[in-house]
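Keep the sequence and the 3D view open as you read.

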Amino acid sequence: MFRYILRRLLQMVLAFFGTTLIVYALTFAGQGDPIQALAGERPVTPAQRAYLTEKYNLDQTGVGGFFYRYFDYVKDLLQGNLGESLTGRSIGDILQQAWPVTVRLALIALAVAIIFGVTAGVLAGIRRASIFDNSTLVLTLLVLGIPTIVLAPLAQYFLGVKWQLFPPTAGSDPTFYALLLPGIVLGSLSLATALRLTRASVAENLRADYVRTARSKGLVKRRIVVVHVLRNSLIPVVTFLGVELGNLMSGAIITEGVFNIPGVGFNLFRGIRTEDGPLVVGIVSVLVVVYLVSNLVVDVLYAVLDPRIRYE
Amino acid sequence: MTVNPTPASATPEGGHLLELRDLHVEFRTNEGVARVINGVSYHLDAGETLAVLGESGSGKSVTAQAIMGILDTPPAFVRSGQILYKGEDLLTRSEEQRRQVRGKEIAMIFQDALSALNPVFPVGWQIGETLRQRAGMSRADARRRAVELMDLVKIPGAAKRIGDYPHQFSGGMRQRVMIAMALALDPKVLIADEPTTALDVTVQAQIMDLLADLRRELNMAMILITHDLGVVAGVADRIAVMYAGRIVEHADVRSLYKAPAHPYTKGLLESIPRLDVRGQELSTIKGLPPNLMRIPSGCPFHPRCPYVQQVCVDEVPHDLVLGDGRTSACHFAQEVRDDSVAR
């Protein structure tokens, strides 16, 4: 197991450099005139142009120049310096403010998925083909079928504006209550998937041979379900939720955008919209790390949950 | 002449340890009703071994699961009949009372120990669970007893292997774990449902020997379910042969092997490869087992039977008593037996 984790960490280093390189290339290599892009519509004076060329090493041209700037960027990155956005703010500071908001939103979404999705999934799996099972099937298909870009504004309009049950937008320093509705919207998709997955897993395990064995041991039904069936059924569900947490941590562009939540996704979207190359690359680099680490954690967790899985 | 082998007037006192009377089980599916068990009657006395023999789909496992009360309902429903254990009909008992019987009075081991054991718990934990949950043992006591049980079924290094998971054992050792688990509460009856089918031939023999030894040592009664005639000979006292959810022949091992009195049993015995008649083509029973949703009229074996006559198509044969407690559900049982002797 130790060797496996070590090997995975080494692979992560490669994956990290590979993805940052691609993102860096996609963001900057395609730009015609980065200085004009920076200035937007305004004219650029020769003095400004000279200063910026010097600052961003733009005198180095061609592929060599690109790698020169990339390695320069990576050098800073490895020292923990994410650089500055085009607006002059430190990207590290931006993330420091945005991340806690996104993490809180992610945890609310995950809690919603676990509390409602897994519980309802277990019940639906036990009572297969019941009214409860069929109604959850319809509801989850509905949720899975509606994209967030439709669901979020609908929830905002009805629950936030019309009936005023929740604050319609979150604002700069959102409270738990303000994040609750966006959290539910964000979590509804994970909820639906977690429910389907749990239901299928429980239904399958209830038919397993070891359940017959447990019954022939004369165990009470409750124990068979809670100890034997659930322990096996939740292995794929926990794995899914782990991956999902990694996804949620990297921010939700649409949900954060609709509810005006100053999280990671919100800032990333702003960076893309304003063609703020350094901001986009900075955020994505950190997201890559978050995603790689969360995936490793999930794989290790999988081996802990299922003794048949052994990593060499 | 038609006589029921187990007269309905048998008294509980003088009766058998376990007795099935005219059991009917059907599976209700979307495609229709499959009559899986059609009037099975057999009995088991303390300390004896009864082999239940038959092809897959003949209903032998379903009968066992009906005794245990672990049929999946739906689709399986016990339509009628009695399952008497120590004279009391288990089918009239509440689910809670039946649960008390499982494991403690009647225990069961299954064909494929890998899937029959829970993959995510150590074997010691699974053996101990029965003791903790059913006998109220403490965690430490259950663990100690689990090691003893693993020793009893001759798992080498039991104390060291108690924390291992099922997938870490070989097939034979896994089946031993199953047996240890079934023996945890000292059951009076052990039902072994094809315990060696998933194993290598050499390991099969070891497991059968172990079961026979344990049955003797612990003075249990055993129902051995199998489709393998070779497995039966050395272990069983009596044999009940099942076909299409019925017992077609019932005899002690010696007389059945010597002279089968049902064409189906005869066919089964003749389809065993023999060393002394090399070079001949192996005889088989022609045709396939019946579809249980459309069981043939009369004798269900008649489409495959070499002795078939018009009466076989028209009339369901009753159990014909042949003496020595032998019965055969064949219109021509006498002829078949005499044929077999002459051979």
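## The sheet in chain B

Start with chain B, where 8 strands make up an open sheet of mixed pairing, in the order 6-7-8-3-9-10-12-11. A strand here is a DSSP run of E with at least two residues, numbered from the N terminus, and two strands pair if DSSP finds at least two bridges between them. At the edges sit strand 6 (106-109) and strand 11 (320-323) of chain B, each pairing on one side only. Neighbouring strands of the sheet are turned by 20° against each other on average, direction ignored; the axes behind that angle are lines fitted to C-alpha atoms, and angles run from 0 to 180 degrees between N-to-C directions.

Now zoom in on one pair. Strand 3 (residues 49-53) and strand 9 (residues 238-243) of chain B run parallel, joined over 4 bridges. Look for B:Leu53, whose bridge partner in strand 9 is B:Val241. In general, strands of a sheet pair through backbone hydrogen bonds, either parallel or antiparallel.

## Chain A: helices

Chain A has 13 helices and 0 strands, a helix being a DSSP run of H or I with at least four residues. Its C-alpha atoms fill a box of roughly 85 × 55 × 30 Å along the principal axes.

Of its 312 residues, 34% count as buried, meaning that 20 or more other C-beta atoms, placed from the backbone, lie within 10 Å of a residue's own.

## About the model

This is a predicted model: local features need pLDDT of at least 70, side-chain atom pairs count only at pLDDT 80 or more, and totals for chains, interfaces and linings use all residues. Residues are numbered from 1 along each chain as its sequence is written, while chains are lettered from A and ligands numbered from 1 in the order in which they are written.

Conventions
Buried ≥ 20, exposed ≤ 12 C-beta atoms within 10 Å, placed from the backbone.
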